[in-house]
Amino acid sequence: MTVATLEMRVQALEERAEVLEARLAASVAPPARSAGTAPAAREGAPHSRRGREDVLAGPEEAPAAATARTHEAPRAAAPVTPEALPVEAAGRPALEDLLGGRVLAWVGGVAVAIGVVLLLAIAARNGWIGEAARTVMAAVASTALLAIGAWLHERRVKTDAALAAAAAGTAGLFATLAVAGEVYALIPSLLALVLALGVGAVATVLAVRWDAPGFGALGIGGALVAPALVGADPADPRTLALVAVATASATGVLLRERWTWLAYATFACATPQWLVWLTTEERSAAAIVLVLTGFGALNLAAAAGFEVRSRAPGLRASAVFLLAFNALVLAVAGRFALADAVSPTAGHLWLAGLAAAHLGAGVAAGRTRRVSYELALVCTGLGVILADVAFGLLASGPVLVVGWAAAGAAFCAWVRRGGARAADAPFSAAGTGTHLALALGHVLITDAPPSALLGAGTDSAPAAALGLAALAAGCFASGRIAGGGRPDWRVALDAAGLAVLAYATAIPLHGAGLVLAWTLEAVALGGVARRERDTVATAGALAFLGLAAAYAVAALAPAAALLHGLEAPLAAAGGLLAVAAAAALLAVRSLPLPLPAPPPDPAPGAFVLTPALLRAGLVTAAALALLHLASTELVSLVELGSPQRAQTVLSGFWALCGVAALIAGLVRDVRGLRLGALALLGVTAGKVFLYDLASLTSLYRVASFIALGLLMLGGAFAWQRLRPRLQPSAAAPR
């Protein structure tokens with residue numbers, strides 16, 4: 001009996017080989033035979049029978065036959081190229097085979113599945129047959145389709161028709177169970193759930209066994225949408241249980257086969273159904289948390305579960321998309337559902353728990369080599385975002401600023417940890433910048449708005465001071481933490497901290513007090529710069545001095561005071577004296593101040609800040625502050641009697657200061673002082689010729705011109721007498 005069965009199988013193989021050889025011979029042109037080449041052996045049955053005789057030969061005869069064939073002369077054969085083969089042999093199915101095989105099979109499967117659903121819907125609407133009868137008919141038809149398709153695929157030939165039939169049967173069974181258990185209540189819900197579990201398990205096993213994406217799409221996809229297609233009540237928990245079973249089956253196939261499209265389809269089909277269940281009527285907090293946790297875990301497994309099973313080479317876009325949307329849907333749905341069912345605080349706590357879950361998953365994923373490190377950072381980042389939202393809802397006031405500033409410093413510590421990877425730097429930069437921006441935004445919007453600078457005040461001065469202090473401390477601490485490995489971060493963070501410090505100073509103080517505070521901070525930063533050799537502190541000192549000078553000139557002693565006098569002479573005097581004193585103090589200690597290193601090869605004419613240039617600028621600033629103070633105070637004093645007399649006195653005062661500075665520069669041989677004096681005399685001459693000549697009356701106009709002329713003549717005489725003359729060179733030609 002065994003020999004007969006073996007002969008039948010060998011004969012079947014011979015027949016199939018003969019058919020293939022005949023098709024190949026018909027499509028390939030016969031080769032041209034040369035004179036010394038023996039004719040090719042005849043194809044067909046005799047050649048096939050040789051193989052049959054080898055198979056039927058005994059143990060001793062078979063090796064001998066194989067050895068004899070090994071020493072046979074090779075037969076001439078025509079070279080077979082892919083162009084000479086038919087389309088089927090080259091691996092590209094012909095159009096008619098594609099349409100007649102795959103397309104017809106899958107269209108037929110979809111049509112059958114839709115037909116089963118329509119049969120249930122139309123029969124129910126028209127009352128053609130009873131509920132039990134039409135449900136049994138659908139169940140029998142679906143089971144038969146699944147069984148026949150599986151039998152054909154396993155026992156006969158693996159065709160698309162067999163796959164389509166099995167997939168249609170699977171979808172039909174899910175639809176039938178939804179109708180029998182949820183719509184008609186023909187079977188208990190527990191039994192319907194158990195049967196659905198069985199159908200889902202069968203679909204999962206067959207899709208994995210056959211490696212059939214089409215079966216997964218039609219079978220599992222049909223299972224996902226079956227409750228909605230048959231009109232099952234979305235508010236019924238049993239309907240949601242069926243959706244959960246179908247989602248778990250789809251996730252199992254996805255984890256095994258890595259069908260990315262199935263992850264998108266599962267999320268798109270299942271999420272709306274459980275969201276509808278959440279919004280239909282009042283739910284208990286336990287049920288809401290159970291549904292959110294269950295479907296969230298399934299979506300998380302669909303997004304990143306494949307990396308746990310098989311190490312992914314890098315970050316997948318599908319995983320990032322599903323993780324982000326899953327977190328967004330869970331956060332929004334849980335927040336509002338629990339707020340309506342319990343209290344707003346419950347919704348906030350749900351966000352905090354969801355954030356902790358993502359943070360834990362991200363940290364755990366970062367410690368394993370199964371998951372790409374970038375995906376672990378994405379999960380951690382989602383947890384941080386959710387934690388920020390929850391923290392913003394639970395906390396308020398300066399506590400928010402303190403928490404967000406501390407989080408920014410923690411992200412700076414992330415990049416300094418041992419063995420940092422390339423992805424850590426942008427992740428830490430984004431985390432630090434985002435949290436400091438959140439803290440700054442909260443301070444500017446809530447605690448210390450910019451309107452407070454204009455005298456509007458704040459709702460709570462202590463809260464504003466604490467928030468700004470926490471933000472500045474967070475910037476400085478982050479700069480110190482990141483400075484070891486990223487000096488560019490330290491510069492940016494220190495600059496941000498100094499800006500916050502300047503803003504915090506301007507909120508409670510105004511007038512001369514603000515100028516004095518800024519000048520003291522400038523001097524203190526100068527001391528830090530000398531002690532720590534910190535160029536950022538040098539820039540901060542100059543910036544605070546510039547702020548103080550600008551505010552003093554703009555608010556305390558504006559340019560209009562040169563025409564009409566000062567409104568508050570004492571405040572102006574205090575502010576301008578503070579600016580002059582701070583500038584002079586920094587100028588005296590300018591040589592130890594560290595400056596940015598000049599470029600190695602500066603371009604011709606490029607500006608390079610040197611200690612001498614810095615000292616000259618600071619001395620000039622101090623002199624201008626004193627000159628402006630004296631000018632405005634003089635105009636305020638003289639302007640009470642006669643405004644025109646005040647302008648004449650101001651012109652004479654500027655000319656006198658210019659000549660005195662010129663003589664001092666000549667005596668001490670200080671070129672910068674001489675140039676400053678000449679500049680002041682030029683400004684004075686412009687005022688007299690342009691303003692005094694047009695605005696003053698004849699007597700005061702004459703006085704201005706005479707005073708200017710006499711002082712300039714005296715300055716010219718001093719220049720000619722005190723300026724050392726250039727001696728002619730002995731080698732110069734006569």
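How exposed is Phe 689, in terms of relative accessible area? Phe 689 is partly exposed, at a relative accessible area of 48%, where partly exposed covers the range between buried (under 20%) and exposed (over 50%), computed with a 1.4 Å probe on protein chains only. The model is predicted, so local features need pLDDT of at least 70 and side-chain atom pairs count only at pLDDT 80 or more, while totals for chains, interfaces and linings use all residues. Residues are numbered from 1 along each chain as its sequence is written, and side-chain values use heavy atoms, with hydrogens and water left out.

**Aromatic pairs**

- Rings of Phe, Tyr and Trp (its six-membered ring) pair if their centres lie within 6.5 Å, with planes under 30 degrees apart counted as stacked, over 60 as edge-to-face and the rest as tilted; by this rule there are seven aromatic pairs.
- Trp 274 and Phe 295 are stacked, at 5.7 Å centre to centre and 20° between the planes, and they link helix α10 (residues 260-280) with helix α11 (residues 285-309), 21 residues apart.
- Trp 274 and Phe 295 are both buried.
- The rings of Phe 689 and Phe 705 are edge-to-face because their centres are 5.0 Å apart and their planes stand at 85°.
- Phe 705 is partly exposed, with a relative accessible area of 27%.
- Ring pairs join Tyr 264, Phe 321 and Phe 325 into a cluster.

**Charge over a ring**

- The charged end of Arg 335 sits over the ring of Phe 336, 5.3 Å from its centre, the criterion being NZ of Lys or CZ of Arg within 6 Å of the ring centre and within 35 degrees of the ring normal.

**Helix assignment**

- Helices (H or I, at least four residues) and strands (E, at least two) are DSSP runs numbered from the N terminus.
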